[in-house]
Amino acid sequence: MKNIIVTGGCGFIGSNFVRWVAEHHPQVRMTVLDKLTYAGNPANIEGVPNVELVVGDVCDAALLSEVVPGRDAVVHFAAESHNDNSIAGPEPFLRTNVEGTYRLLEACREHGVRLHHVSTDEVYGDLALDDPARFTEETPYRPSSPYSSTKAASDMLVRAWARTYGVAATISNCSNNYGPYQHVEKFIPRQVTNVLRGERPKLYGDGLNVRDWIHVEDHSSAVWAVLERGRVGETYLVGADGERSNLDVLRAVLRVMGEPEDAFDRVRDRPGHDRRYAIDASKIRRELGWRPRRADFLEGLAETVAWYGANRAWWEPAKDAAEERYRAQRR
């Protein structure tokens, strides 16, 4: 891979992937295609070498016909991804996640370009808290929210285009990411930035919902492993054995920041809130030799807290708007 497109490369996971590739594969030239919605910030890739930013929409077929030809691959991160926003207004999720993926598939089909589609474990629905099972590549899809439903639809499109039209595509479904450059509407940054502003963090419901956490650098290395060595037409689940309840994560944030573990408020739970996600990542480990290197969650969390503390100018302009959206939803 010498010349790739990264859609959504100014967002949280996409920009961390761009930074990771620039550090570990400096010979690769990257074109970031990003619409720069509220969650896309060009500052996230500022100063990264061998990167060109094209501001545009993945639904713009004419633009794709200009930028896709001649590339070695497209890595597709671009998505609307916040569950609360999808519940409040699902239409943008249908457009970006479903139509946008379709447009990319058609462009890759026309020009013979490899596609890697980045998806989520939320397409599988949820597991009971006392269920020892984990999601695998064979788990049936059972999405719960408008967000996860549109990601499930996009996954199905990728599989259909790979089988019917021979598009050289792969899919990865990853667990919850954390790390630097994550928008303040997301769970960990919201709690951290609340404390930094002298405000009490917020916890949905009983807080016993379990998520499987992975550092965004490990996700980036997994995507590259699939892009470079993954079998075309295959799906790979990405996780780091990081199951923790939201309550445990919030208490860990408070400990790291020197606050009492009970210094938070409970708010109304999200409708249809999934109870537990858990990833079995044995396939990517077995077939591609990938392993997470940032498996110490508490160490990664402390580094993340320190990053937000040192980069207030990056997140403060978006904080008030994010909290206003939560207030409108009474959360």
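Predicted model: local features only at pLDDT ≥ 70, side-chain atom pairs only at ≥ 80, totals over all residues.
**Exercise 1. Which ring does the charged end of Lys283 sit over, and how many Å from its centre?**

Residues are numbered from 1 along each chain as its sequence is written, and side-chain values use heavy atoms, with hydrogens and water left out.

*Step 1.* For Lys283, the ring is that of Tyr236, with the charged end 4.8 Å from its centre.
*Step 2.* Arg211 gives another case: its charged end sits over the ring of Tyr277, 4.0 Å from the centre.

**Exercise 2. Work out how Phe135 and Tyr277 pair, and what the pair ties together.**

*Step 1.* Rings of Phe, Tyr and Trp (its six-membered ring) pair if their centres lie within 6.5 Å; planes under 30 degrees apart are stacked, over 60 edge-to-face, the rest tilted. The structure holds 15 such aromatic pairs.
*Step 2.* Phe135 and Tyr277 come out as tilted, at 6.4 Å centre to centre with 45° between the planes.
*Step 3.* Now place them: Phe135 is in the loop between β5 (114-120) and α5 (146-165), Tyr277 in the loop between β12 (265-267) and α9 (282-288), so the pair ties together parts 142 residues apart in sequence. Helices (H or I, at least four residues) and strands (E, at least two) are DSSP runs, numbered from the N terminus.
*Step 4.* Phe135 and Tyr277 are both buried, meaning under 20% relative accessible area (1.4 Å probe, protein chains only).
*Step 5.* Zoom out a bit: Tyr124, Phe135, Tyr141 and Tyr277 make up one aromatic cluster.

**Exercise 3. Describe the packing of helix α4 (residues 91-111) against α5.**

*Step 1.* Grab the numbers: the angle is about 15° and the axes are 8 Å apart. Axes are lines fitted to C-alpha atoms, for helices over the stretch in contact, with angles running from 0 to 180 degrees between N-to-C directions.
*Step 2.* Angles under 35 degrees count as roughly parallel, so α4 and α5 are roughly parallel to each other.
*Step 3.* List who touches whom, contact being heavy atoms within 4.5 Å: the residues include Phe93, Leu94 and Tyr102 of α4, and Tyr147, Leu157 and Trp161 of α5.

How values were computed:
Buried < 20%, exposed > 50% of the residue type's maximum accessible area, 1.4 Å probe, protein only. Lys NZ or Arg CZ within 6 Å of the ring centre and 35° of its normal. Parallel < 35°, antiparallel > 145°, perpendicular 65-115°, else oblique.
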